[in-house]
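Colleague: Could you take a close look at the ligand site for me and walk me through what surrounds the ligand?

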Amino acid sequence: MLSKPSKVLFVITVLSGGVGAARLLSALSGETDPREITAIVNVADDLVLHGLTICPDLDTISYTLAGLNNEELGWGLRGESWRVMEELADLGGAAWFRLGDRDLATHLYRSQRLHEGATKSDVTRELCAHWGVKVRLLPVTNDEVSSEFETEVGHLTFQQYFVSHQHNVKVERIDFVGARKARATPEVLEALEECSRIIIAPSNPLISIDPILEVPGVRSILERRRDDVVAVSPIINGAALKGPADRLLAEMGWEVSSVGVADFYEGLIGTLVIDEADAALSDDIRARGINVRVTTTIMADPANAQRLAQVVLS
Ligand code: FO1
């Protein structure tokens, strides 16, 4: 008699922002079957521009896992050309957010499919299948969530803050508009419930991970499964490798160190992985009831990235 097919168990679930998460997912894929990895991806950076829906974190991760990412820029596709942006700039159009000619095909495809009634989850699955990405990428929600900032220069959308102002303005408040009313997809909740380990990537806690945690259901699962949750600190020696995590931690009143990251994730994580440079902070973190693992967390060198993946999985 044929046995009933057993339910697929997605063993690892990774809460993910953009570049740092993409690198960690890539390294994890070298250590374990990528089909057993699910990434739950932030969508609060997403924007609609020129009528196109652009999902920077989903794109950065899928391009990286497909080996198509533009390493110099840190976003977009490699071998890119910019003819459309040049013509657009000539017309006086919005060329401040640069969409390469190749990259544009992704946004055109996604926008048309959304227009036809597909969800962001559907489109992500289709694009990943096309590129041969084996890690399962799940937008945390198919509802609209957007990070917005009150700053010294007034109200800014995420990409106005990040790209136009190059995250170089003082932030007074961050809002995740729509997050509280958004519904996590059933696949997201199932992946969080059924995996054996939840990993928080070394993404920006305040603008990449927090908007995921704010979607109802997500934070409470982490609280309940705290002992199975491992976060990787994005702060090394009091600074972020990339982006405004250090600056935003300070502006939002958190200590700018891995201790501050431990405080931010208190109640949600059982273990924090910190860089060797911060080994001296281990006792302070343990005093908060959080286990500490010390290793190299800088993933620019693939050998270091592999070691980090092994520590996270061990
Ligand atoms: N980042 C930039 O600094 N400048 C850009 O013009 C830009 C365009 C862009 C287009 C598509 C895309 O998926 C990402 C893009 N990014 C750009 C990166 C991105 O906006 C940010 O790095 C993330 O949102 C932060 O995680």
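Modeller: Around the ligand there are 14 residues, with Asp45, Asp57, Trp75, Arg98 and Gln159 coming nearest; a residue is near if one of its heavy atoms lies within 4 Å of the molecule. Keep in mind that this is a predicted model, where local features need pLDDT of at least 70 and side-chain atom pairs count only at pLDDT 80 or more, while totals for chains, interfaces and linings use all residues. Residues are numbered from 1 along each chain as its sequence is written, and side-chain values use heavy atoms, with hydrogens and water left out.

On to the polar contacts (pairs of N or O atoms within 3.5 Å; within protein, one must be able to donate a hydrogen and the other to accept it, and residues adjacent in sequence count only if both atoms are side-chain atoms). The side chain of Gln159 puts an N or O atom 2.8 Å from a ligand oxygen. For Asp45, a polar side-chain atom sits 2.9 Å from an oxygen of the ligand, and for Asp57 the distance from a side-chain N or O atom to a ligand oxygen is 3.2 Å. The ligand taken alone exposes 530 Å², and the protein buries 86% of that (Shrake-Rupley areas with a 1.4 Å probe; for residues, only the protein chains shown count as cover).

As for who builds the shell, α2 (56–65) and α6 (158–164) are the elements giving two or more residues, and α6 has the largest share with four. Helices here are DSSP runs of H or I, at least four residues, and strands are E runs of at least two, numbered from the N terminus. By class, the shell has nine nonpolar, one polar and four charged residues; Ala, Val, Leu, Ile, Met, Phe, Trp, Tyr, Cys and Pro count as nonpolar, Asp, Glu, Lys and Arg as charged, and the others, Gly among them, as polar.

The ligand's space is the largest pocket, meaning that more than half of its atoms lie within 2 Å of the grid points. A pocket is an open set of points on a 1 Å grid over the protein atoms alone, where a 1.4 Å probe fits, with protein on both sides within 12 Å along at least five of seven lines; lining residues have an atom within 4 Å of a point. That largest pocket is lined by 47 residues, with Val19, Gly74, Phe162, Lys242 and Gly243 nearest its centre.
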